[in-house]
Amino acid sequence: PNIFPFGFNDNIKYLHCVSKYPTFLYDEGFYERALLTYFQYLYKYPQTELEMAAHFQIAKCYEALENWDLARNYYDRILAEDKSESIAVNAARYQLLYIALVKEEYPAVIDTTKNTDDPYELIFRAYAHFELLEFAEAQQAFQAAEAAFDHSHYSRGIRPWYSAIKT
């Protein structure tokens, strides 16, 4: 039976399903099923405006499954295929740094974020220095991030790290 209102074309039906159903599956911990839905979307609707979003969600599913190599693969696809300063590219860069932290690849995080002024990348850099017990460098990166954010919301999250560094 058709559960969609009369007049919706197949694309609209599928877009509705691909945005709601796999999100539900992901939220409930059914990552493999969510992956299948995203792959079905990419197969049925290649090169649409939602392609990068589907790649991002596929990578998030692989992260949840702790399949770091496949997650990196899909984030790398976003970096290679989307505009250099798009939201998708920035999000993929941040997720790649997160994966490097999870995998304890601290020198790689530090190298990747060298000379950055992006406050989020500075936070990743600070965490990496902290984990390597390089407290002066961690504090410097946290301070640079706090200055770049220039907002009390972020300062409230960063300032407790100063106490951790002192101990």
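A nonpolar core is taken here as a set of buried Ala, Val, Leu, Ile, Met, Phe, Trp, Tyr and Cys residues joined through side-chain atoms within 4.5 Å, where buried means under 20% relative accessible area with a 1.4 Å probe and protein chains only. The model is predicted, with local features needing pLDDT of at least 70 and side-chain atom pairs counting only at pLDDT 80 or more, while totals for chains, interfaces and linings use all residues. Residues are numbered from 1 along each chain as its sequence is written, and side-chain values use heavy atoms, leaving out hydrogens and water.

**View 1. The largest nonpolar core.** Among the 24 residues of the largest nonpolar core, Y38, I58, Y62, Y75 and I78 touch the most other members. Helices α2 (31-44), α3 (51-64), α4 and α5 each supply at least two residues of this core, helices being DSSP runs of H or I with at least four residues, numbered from the N terminus. The largest share, seven residues, comes from α3.

**View 2. Surroundings of I78.** Apart from neighbours within four places in sequence, I78 is in contact (heavy atoms within 4.5 Å) with M52, H55, F56, A88, V89 and A92.

**View 3. Packing of α4 against α5.** Helix α4 (residues 68-81) and helix α5 (residues 87-102) pack at an angle of about 155°, their axes lying 9 Å apart. The two helices are therefore roughly antiparallel, a term for angles over 145 degrees, where axes are lines fitted to C-alpha atoms over the stretch in contact and angles run from 0 to 180 degrees between N-to-C directions. On the α4 side, the residues that meet α5 include W68, Y75 and I78.

Definitions and conventions
Parallel < 35°, antiparallel > 145°, perpendicular 65-115°, else oblique. Buried < 20%, exposed > 50% of the residue type's maximum accessible area, 1.4 Å probe, protein only.
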